[in-house]
Amino acid sequence: WNTVQFIIYNQNPSNGINSSSAVAYLFNELGYFFRQVDHPPTLLHQLQISCCFNGSIITKGIFFKGDFAAQLQVIESGIKKQEATTIDLECTISDGVLEVTGNLLAWIYTMLSHREEKLVGKEFRDSHGRIPFSSSLASRQSWLNHPKITAAIHALHEEVCKYLKSLEIPLFCKNPWPTGKSKAVVLSHDIDILDKWVLMAG
């Protein structure tokens, strides 16, 4: 079967920060088929959709508007000051293009890059230099029971589905779990100190 393939292109990375990495993570989470390119996508197949940033001109596709670097600065300022920052997302269809505004991509980049670990001041850490839950983003943004980034991602997915339906383009998504299961248990662990084991032969 055929489905849409998203072509991700960032014309002008903001201050060396490539926001397309956040989109790649976003689309991977949603199970979209996509690829990243370093040049303007041209002569696209009818089942390919452009995903462009920062002033790129397209006639069909998804256009992410806004100053990515400025959005990051606002979020990072809130982290330093221990202030909550709103997650914004707005989608509109204009001249055959789905325009996405808001700071969702900046939030995804912030979480992926673990900016909190670098920006939280010593006065908000414990005696071991760790960030207690009371000073964490999850606490400050009230994410423990309300995963707002996930909710915004699913809201964007709904808008993408509506947009593709208006273009009569099919959308099939990859199943995130093996053998078509609806859920999975993922076990992880944390290593604070890595030391080499010495094997003694007796």
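Visitor: What makes Gln 82 count as buried or exposed?

Guide: This is a predicted model, so keep that in mind throughout. Gln 82 has a relative accessible area of 19%. Buried means under 20%. Gln 82 is therefore buried.

Visitor: Where is Gln 82 found?

Guide: Gln 82 sits in the loop between H2 and strand S5 (90-94).

Visitor: What is the phi of Gln 82?

Guide: Gln 82 is not a glycine, yet its phi is positive, about 60°. Most residues other than glycine have a negative phi.

Visitor: How do you know whether Glu 168 is buried or exposed?

Guide: Glu 168 has 74% relative accessibility. Exposed means over 50%. Glu 168 therefore counts as exposed. This residue lies in the segment after H6. Glu 168 also has a positive phi of about 60°, although it is not a glycine.

Visitor: Which residue follows H1, and what is its phi?

Guide: Gly 31 follows H1. Its phi is positive, near 80°.

Visitor: Now the overall layout. How many helices and strands does the protein have?

Guide: Six helices and six strands. Along the sequence they follow the pattern β-α-β-β-β-α-β-β-α-α-α-α. The protein has 202 residues, and 37% of them count as buried.

Visitor: What share of the contacts joins residues 24 or more positions apart?

Guide: Such pairs make up 67% of the contacts with a separation of 6 or more.

Visitor: Why is Ala 24 called buried?

Guide: Ala 24 has a relative accessible area of 11%. The cut-off for buried is under 20%. Ala 24 is therefore buried. Ala 24 belongs to helix H1. Leaving aside neighbours within four places in sequence, Ala 24 is in contact with Ile 8, Phe 34 and Gln 36. Gln 36 is 12 residues away along the chain, and the two C-alpha atoms are separated by 7.8 Å.

Visitor: Which residues of H1 are buried?

Guide: Ser 20, Ala 22, Val 23, Ala 24, Leu 26, Phe 27 and Leu 30. Their cover includes S1, strand S2 (34-36), S3, S4, H3 and H6.

Visitor: H3 is part of that cover. What makes H1 roughly perpendicular to H3?

Guide: The axes of H1 and H3 come within 9 Å and cross at roughly 90°. Angles of 65 to 115 degrees count as roughly perpendicular. H1 is therefore roughly perpendicular to H3.

Visitor: Which residues meet there?

Guide: H1 brings Ser 21, Ala 22, Val 23, Tyr 25 and Leu 26. H3 brings Leu 105, Ile 108, Tyr 109 and Leu 112. By class, this contact of H1 with H3 has eight nonpolar residues, one polar and no charged.

Visitor: Why are H3 and H6 called oblique?

Guide: The axes of helix H3 (residues 104-112) and helix H6 (residues 148-166) cross at roughly 135°. Roughly perpendicular stops at 115 degrees, and roughly antiparallel needs over 145. H3 and H6 are therefore oblique to each other. Their axes come within 11 Å. The crossing of H3 past H6 is left-handed.

Visitor: What makes the contact between H3 and H6?

Guide: On H3, Leu 104, Trp 107, Ile 108 and Met 111. On H6, Ile 149, Ala 152, Ile 153 and Leu 156. The class count is eight nonpolar, no polar and no charged residues.

Visitor: What does His 157 touch?

Guide: His 157 is in helix H6. Not counting residues up to four places away in sequence, His 157 touches Leu 30, Tyr 32, Leu 171 and Cys 173.

Visitor: Which residues touch the most other members of the largest nonpolar core?

Guide: Phe 6, Phe 27, Ile 62 and Phe 64, out of 41 residues. Elements giving two or more residues to this core include strand S1 (5-10), helix H1 (20-30) and strand S4 (61-64). H6 gives the most, with seven residues.

Visitor: What is Ile 62 in contact with?

Guide: Beyond neighbours within four places in sequence, the contacts of Ile 62 include Phe 6, Phe 27, Leu 98 and Val 160.

Conventions
Residues are numbered from 1 along each chain as its sequence is written. This is a predicted model: local features need pLDDT of at least 70, side-chain atom pairs count only at pLDDT 80 or more; totals for chains, interfaces and linings use all residues. Side-chain values use heavy atoms; hydrogens and water are left out. Axes are lines fitted to C-alpha atoms, for helices over the stretch in contact, and angles run from 0 to 180 degrees between N-to-C directions. Helices (H or I, at least four residues) and strands (E, at least two) are DSSP runs, numbered from the N terminus. Angles under 35 degrees count as roughly parallel, over 145 as roughly antiparallel, 65 to 115 as roughly perpendicular and the rest as oblique. A crossing is left-handed if the near helix is turned anticlockwise from the far one by less than a right angle, and right-handed if clockwise. Contact means heavy atoms within 4.5 Å. Ala, Val, Leu, Ile, Met, Phe, Trp, Tyr, Cys and Pro count as nonpolar, Asp, Glu, Lys and Arg as charged, and the others, Gly among them, as polar. A nonpolar core is a set of buried Ala, Val, Leu, Ile, Met, Phe, Trp, Tyr and Cys residues joined through side-chain atoms within 4.5 Å. Buried means under 20% relative accessible area, exposed over 50%, partly exposed in between (1.4 Å probe, protein chains only).
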